[in-house]
Every structure is written in C-alpha cells, then in structure tokens.
Amino acid sequence: MPLEFNSFSDELTNPWFSTSELIEYLGITMKELDEKKKLFHEGFHYVRESPEDPHSRLLWRIDRVDDLLCIPIPPLEREAMLNALSNKITCNE
C-alpha cells in the first residue's frame, strides 16, 4: 500500500536530507540503516535525487524515518539537530 505526502505545505516545512545527515541525526551506522531499509517506502520516506537514475543518491525525510523507527531522542536535542541540519542555527563570532 503506497503512502502519500500529507500536503504541499508539509513538504516545504520538512525538507529532504542526505543519507549522511540522516544517520548522523539518528545516531546509527550505515549498516543499521541498510538493515532497516525494507521498512521504508520510496516516495514517502526517501526519494532519489535524480529519479531517472537508479543509482542516484537518496534523499530522506528525517521526520518520517524518525517517526517510523521511534528512536528515543530528547525533544530539545531533536529540535537542535533539525535546526542545525536546516541551517537555522548560525554562529556569531
């Protein structure tokens, strides 16, 4: 059963992230992600950067993967990581 996007505004507020950003956020290894790959649905949890190229890199919806895996991440840590990944945190020297 294919899953569909919630809404266009949901897509704008929750961007897609690279695999390296996803595993950094979740605190897991690439091997652990590969082991869970069968849980994810293409088009909902991840998309290909170039849909016509089956070998192009994957882009992930961190919020959807996080919700599916239910890895316990403290709320403030989760917010900080999402802000950092979205470049909403800046360092002023």
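Because the model is predicted, local features are given only where pLDDT is at least 70 and side-chain atom pairs only at pLDDT 80 or more, whereas totals for chains, interfaces and linings use all residues. Residues are numbered from 1 along each chain as its sequence is written, and side-chain values use heavy atoms, with hydrogens and water left out.

The average pLDDT (the predictor's confidence in each residue, from 0 to 100) is 79 for the chain, and 68% of the residues score at least 70. Residues 1-9 have a pLDDT below 50; beyond near neighbours in sequence, this stretch makes 11 contacts in the model, a contact being heavy atoms within 4.5 Å.

The chain contains 5 helices and 3 strands. These elements are DSSP runs numbered from the N terminus: helices are H or I runs of at least four residues, and strands are E runs of at least two. Along the sequence they follow the pattern α-β-α-α-β-β-α-α. Of the contacts between residues at least 6 apart in sequence, 59% join residues at least 24 apart. The chain has an accessible surface of about 6,600 Å², 55% of which belongs to carbon and sulfur atoms; areas come from the Shrake-Rupley method with a 1.4 Å probe, and for residues only the protein chains shown count as cover. Of the 93 residues, 30% are buried, where buried means under 20% relative accessible area, exposed over 50%, and partly exposed in between (1.4 Å probe, protein chains only).

The 3 strands form an open sheet in the order β1-β3-β2, with antiparallel pairing; strands pair if DSSP finds at least two bridges between them. The edge strands, β1 (17-18) and β2 (46-48), each pair on one side only. Strands β1 and β3 run antiparallel and are joined by 2 bridges, and Phe17 stands opposite Trp60 in β3. Leu59 lies in β3 (residues 58-60). This leucine counts as buried because its relative accessible area is 15%. Leu59 and Val47 are 12 residues apart in sequence, yet their C-alpha atoms are 5.3 Å apart in space. Not counting residues up to four places away in sequence, Leu59 touches Trp16, Phe17, Ser18, His45, Tyr46, Val47 and Glu49.

The largest nonpolar core has 14 residues, and those with the most contacts inside it are Leu22, Leu26, Leu33, Phe40, Trp60 and Val65. Such a core is a set of buried Ala, Val, Leu, Ile, Met, Phe, Trp, Tyr and Cys residues joined through side-chain atoms within 4.5 Å. Two or more residues of this core come from each of α2 (19-26), β3 and α4, and the largest share, 4 residues, is that of α2. Leu33 touches Thr19, Leu22, Ile23, Ile28, Phe40 and Trp60, again not counting residues up to four places away in sequence.

Helix α4 (residues 62-69) is mostly covered, with 6 of its 8 residues buried: Ile62, Asp63, Arg64, Val65, Asp66 and Leu69. Why does Asp63 count as buried? The reason is its relative accessibility of 16%. The side chains of Asp63 and Arg61 are joined by a polar contact of 2.7 Å. A polar contact is a pair of N or O atoms within 3.5 Å; within protein, one must be able to donate a hydrogen and the other to accept it, and residues adjacent in sequence count only if both atoms are side-chain atoms. Just after α4, Cys70 takes a positive phi of about 55°.
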